[in-house]
Amino acid sequence: NHPLVGIELRGAAPGWQGVGVRCDGAGHLEVSAFKPGAAPGTVALRVVEVRGGGGTAEVRWGFPVRDVQATDLFEEPRDVAAIEHDAAAGVTRFAVRPFGIVTLRAALAGAGA
């Protein structure tokens, strides 16, 4: 119940620009967490659909991401059939249900496996 606080990424790799998130249709997403991932060389992004819509969500990574995997709230892998990641374009698309919570673990390009 507290607003998100922006933090400057001192020493971040060149090219880091942030993350853009949107949802088509009636869905409306809010970022509830963006943090270093539990696994080395990863970041975790958690989004919540807050208006009872749903649809297809799109994440535009502002930095090179090698792979994206859906996880549960504890960042354990979760099987989600409809997740697509285009590393060349830096875009991940996935279905989001009304009032759904989706957590993604993104492996940074150039980081260890």
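Which residue forms a salt bridge with Glu 75, and how far apart are the closest N and O atoms? The partner is Lys 35, and the closest N and O atoms sit 2.5 Å apart. A salt bridge here is a side-chain nitrogen of Lys or Arg within 4 Å of a carboxyl oxygen of Asp or Glu. Before going further, a word on the model: it is predicted, so local features need pLDDT of at least 70 and side-chain atom pairs count only at pLDDT 80 or more, while totals for chains, interfaces and linings use all residues. Residues are numbered from 1 along each chain as its sequence is written, and side-chain values use heavy atoms, with hydrogens and water left out.

First, the overall layout. The chain has eight strands and zero helices; both are DSSP runs numbered from the N terminus, with helices (H or I) needing at least four residues and strands (E) at least two. Read from the N terminus, the elements go β-β-β-β-β-β-β-β. Of the 113 residues in the chain, 34% are buried. The cut-offs are under 20% relative accessible area for buried, over 50% for exposed, and partly exposed in between, with a 1.4 Å probe and protein chains only.

Four strands make an open sheet in the order β2-β3-β8-β5, with antiparallel pairing. Its edge strands are β2 and β5 (65-71), each of which pairs on one side only. From one strand to the next the twist averages 25°, where axes are lines fitted to C-alpha atoms (for helices, over the stretch in contact) and angles run from 0 to 180 degrees between N-to-C directions. Pairing itself takes at least two DSSP bridges between two strands. Strands β5 and β8 (residues 101-108) run antiparallel and are joined by six bridges. Thr 71, for instance, has Thr 103 in β8 as its bridge partner.

Back to the opening pair. Lys 35 and Glu 75 form their salt bridge at 2.5 Å. Lys 35 lies in β2 and Glu 75 in the loop between β5 and β6, so this pair ties together parts that are 40 residues apart in sequence. Glu 75 is buried, at 6% relative accessible area, whereas Lys 35 is partly exposed at 33%. The backbone of Glu 75 is worth a look too: phi is near 65°, a positive value in a residue other than glycine. Phe 99 also has a positive phi, near 60°, and is likewise a residue other than glycine. Phe 99 sits in the loop between β7 (91-96) and β8, and at 57% relative accessibility it counts as exposed.

The salt-bridge count comes to four. One of these joins Glu 58 and Arg 22, with N to O at 3.3 Å. Glu 58 belongs to strand β4 (residues 55-61) and Arg 22 to strand β1 (residues 19-23), so the contact links parts that are 36 residues apart in sequence. Glu 58 is buried at 7% relative accessibility, while Arg 22 is partly exposed at 49%. Glu 58 also meets the side chain of Arg 60 in a salt bridge, at 3.2 Å from N to O. Arg 60 is partly exposed, with a relative accessible area of 46%. Through shared partners, salt bridges join Arg 22, Glu 58, Arg 60 and Arg 93 into one network.

Val 31 belongs to strand β2 (residues 29-36) and is partly exposed, with a relative accessible area of 32%.
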